[in-house]
Amino acid sequence: MTALLQVRGLQRRFGGNLAVDGIDFHIDQGELLAMIGPNGAGKSTTFNLLNGQLRADGGTAWLGGRDLIGLRPREIWKQGVGRTFQIAETFASLSVVENVQMALLSAAGRVFDLWRAARDFQREQALGLLRDVGMQGQAERPCSVLAYGDVKRLELAIALANRPRLLLMDEPTAGMASAERHELMVLTRRLVAERGMAVLFTEHSMDVVFAHADRVIVLARGRLIATGRPAEIREHPAVQEAYFGTGLSFEKRRGAPQ
Amino acid sequence: MTPSAVLVQLLNGLASASSLFFVAAGLSLIFGVTRIINFAHGSFYMLGLYLAYSLVDRFSAHIGFWPALLLAGPMLGLLGALVEALLLRRVYHAPELLQLLATFALVLVIKDATLWCWGAEDLLGPRAPGLGGAIDLLGRRFPAYDLLLIALGPVLLGLLTLLLRRTRWGTLVRAATQDREMAGALGVNQAWLFTSVFALGTMLAGLGGALQLPREPASLSLDLSSVGDAFVVVVVGGLGSVPGAFLAALLISEVKALCVALGTLHGFGLALPVSKLTLVAEFLVMAVVLVARPWGLMGKAPSSSRHRALEAPLQPSGPGLRASAVVVFLLLASLPWLSAGAPYVTVLAVDLLVAALFAASLHFIMGPAGLHSFGHAAYFGLGAYGAALLVLKAGWPMEAALVAAPLAAALGAMLLGWFAVRLSGVYLAMLTLAFAQIVWGITFQWDGFTGGSNGLTGVWPAAWLADKQVYFLLTLSAAAGGAWGLRRVLFSPFGYAMRAGRDSALRCEAIGINVLRVQWLAFVIAGGVAGIAGGLFAFSKGSISPDVMGVGRSVDALVMVLLGGVQTLSGPLVGAVVFTWLQDTVARSTDYWRALLGGVILLLVLAFPMGMVGFLRDAVWQLRGRPGGGAR
Ligand SMILES: Nc1ncnc2c1ncn2[C@@H]1O[C@H](COP(=O)(O)OP(=O)(O)OP(=O)(O)O)[C@@H](O)[C@H]1O
Ligand SMILES: [Mg+2]
């Protein structure tokens, strides 16, 4: 089986700092792939390269028959790549359901419709997406009053609106309590199974990673230092080294809430 | 054009660069640290000049000319410290636009206070002792005093650089300019730092004004003209950068001086009076710099986005609101009959409606789209002039010209919008202002086509609309239709996208929305509707002058929108009506109506930061015990 996304030699520097230093990896369809690494390892930068928000200095990222590198974010979105941000990006002055409707409107190519009222546009679908992420009860609330965990869930619903093939989730569980984290990952796993999409996510809580990921790739200082099943990664000497290097072991991280 | 003429012009340019730098350096320092765009900075400059006049008049016999003149600086510094401590300190956490409005209110108050103290006549001070004459330069005479000014600019730059680089205070100022949180973390006593920076900036403006005493008369129009120039300099140089301000002052002054030196250019059978286009040149420099370097010559991209007051989701109108809108419309429609004995009522009502539509169009772009336009009068003016020129020069029927007015305005908005949506915040505000000034400058200086400063006369409506009552009904339908149309767009998918683009451009792009194109179209729509208002205005007055697109009208519109509340849809309409009516009634009963208006604005900003309608809405919600909810 060929991979859904195939990344080769991806590179990006900021001044003299090689934030992403020629990494190779792939994601298969239906896979939940975790990307881990200490702070500043280049995880978010990789995400920004894959969704076109940052320009790559080199490398390719083939999705289906297309190289995503060099495309704009909105073109990459059209290719079926959704994303969430490390710090959630939603529309604060729209209500929860309007946030999702905005994404549905864009998917339907109706953004430049100036006249018809948007209020009832695909409302059922929007509510359905909110139900999928467990937000149906808050559909009419202003986005600005949500708890942060709920904002992240809403962001997930927005990203799902155009039925992506690949979902990039940057620290989806940051700011959540432990029980909530596992809940969200169970939900993500269910979405992956139902929609046949793939998910690439970053995560600082090793608990979550080892419990939910199919496979793990490890980044340190912009380089890919290991890849494998969770159990292999846990025992991997280079990984332990990278984490010990920051003064944090898996064991310490496991207990420490964010 | 001889070499000696060019040399004299270049030296002139250097002298004006120094004068500009005195004002701009303070403005830039103040912005860097407090993040407040101080509209009143030019007023301190003007006050410096007036004060120097009186001080020299009274005391130069006792303490000498120079001490008396220079005393104006510290006195203004003191005034600045007072203003900061008593007023501005209360608005540091208010939204950017309210801060602007507060400082603009200060402009109005200071202007009238000056009028009260010194009268309306221009006041010319004495020559500087020993520097009253002129020196000989390649056979031309050059004022000796200007040589002193030329030297003072670099001296000030050197002193400020020393102050900023070599003292602890300077380190704090630079830290706060780069990163406010960091300055907070350093344990800086912020209040004291802010006050001292404001006092220093004001003192420099005052000194800059005082130093003009031997050169130009003190006049009441200096406040806005000097702050306009200073804005351009600060934006071109990069907000917060003192060396940038110096560089920009040099660049702009020399470009203007060259324009004067060039005189009239001939070519392609046309005579282009370049020497009269200095204003256009100044703003063109700014536009070019901002497009090439969006944060100015020596500025840096702002590190963190500013906090914005959170806005509740818009709610579509309920039956109550719709019913009251219909009642208001019907009441207005019967006004010609209700006011049969008082013809002035419908004339005033036309003005109110035109203002309301204009304000609604500005709100459309400023509120939901989040693009702060400081030159919205440009589109009003393009509509007015477009319609008038089509009638007068192309012989179109009035009805067709009125329909074409919004197209002319939309075309202008399309041109500027393409550049404007690539900028944000203060830079966007300044570019829109610059565009309005260019349009104004061209209109003002193109005598043959636009009638120059005299404007155009004989712009009358068609015969069937000649009756004021009928014209009122036309205006009412256009204004109501325009406001309703804008509202409808806000609830359309495009309206959602406007708000979405304002809230999070990143999220928009990540779900396939082209934010720049959305904002561009929003710009064009807002411009078009302003053009309708402009067209209606032209035919209601019968004559127009470049004033229709002056800075004053742009600022008036801003005040209307903020007065009513930027977060509500009906706010701008109410704000426009209250403002225009106040202006009309108060202006006729007192010479000091501007101070009164300024006082009202200050009160509003301090007491009701949400605007009148926002305040009422919140009050109603409180009574009903309904937290959150929507904006109407
Ligand atoms: N816009 C930028 N300009 C300059 N340097 C940047 C920029 N974005 C990231 N970097 C640098 O690139 C490196 C990788 O940053 P990145 O945000 O990708 O790390 P990360 O793995 O996501 O870390 P975290 O776990 O803290 O989110 C860091 O050294 C960071 O300082
Ligand atoms: Mg990150």
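The paragraphs below describe the two chains of a predicted model and a magnesium site in chain A. Local features are reported only at pLDDT of at least 70 and side-chain atom pairs only at pLDDT 80 or more, while totals for chains, interfaces and linings use all residues. Residues are numbered from 1 along each chain as its sequence is written, chains are lettered from A and ligands numbered from 1 in the order in which they are written, and side-chain values use heavy atoms, with hydrogens and water left out.

Chain A contains ten helices and ten strands (DSSP runs numbered from the N terminus, with H or I of at least four residues for helices and E of at least two for strands). Its radius of gyration is 18 Å, close to the 18 Å that the globule rule gives for 258 residues, so chain A is as compact as a globular protein of that length; the radius is taken over C-alpha atoms, and the rule is 2.2 Å times the number of residues to the power 0.38. The C-alpha trace spans about 60 × 40 × 40 Å along its principal axes. Of the 258 residues, 57% count as buried (under 20% relative accessible area, with exposed over 50% and partly exposed in between, for a 1.4 Å probe and protein chains only).

Ligand 2 has Ser44(A), through OG, and Gln86(A), through OE1, as its protein donors, at 1.9 to 2.1 Å; donors are N, O and S atoms within 2.8 Å of the metal (3.2 Å for Na, K and Ca), and sites may look incomplete because water is not among the atoms. Ser44(A) belongs to helix H1 (residues 43-50) and Gln86(A) to the loop between strand E6 (81-84) and helix H3 (96-107), so the pair ties together parts that are 42 residues apart in sequence. Ser44(A) is partly exposed at 23% relative accessibility, and Gln86(A) is partly exposed at 34%. Just after H1(A), Gly52(A) adopts a positive phi of about 85°.

Chain B, in turn, comprises 27 helices and six strands. A compact globule of 632 residues would have a radius of gyration near 26 Å, and the 25 Å of chain B agrees. Its C-alpha atoms fill a box of roughly 75 × 65 × 50 Å, taken along the principal axes, and 56% of its residues count as buried.
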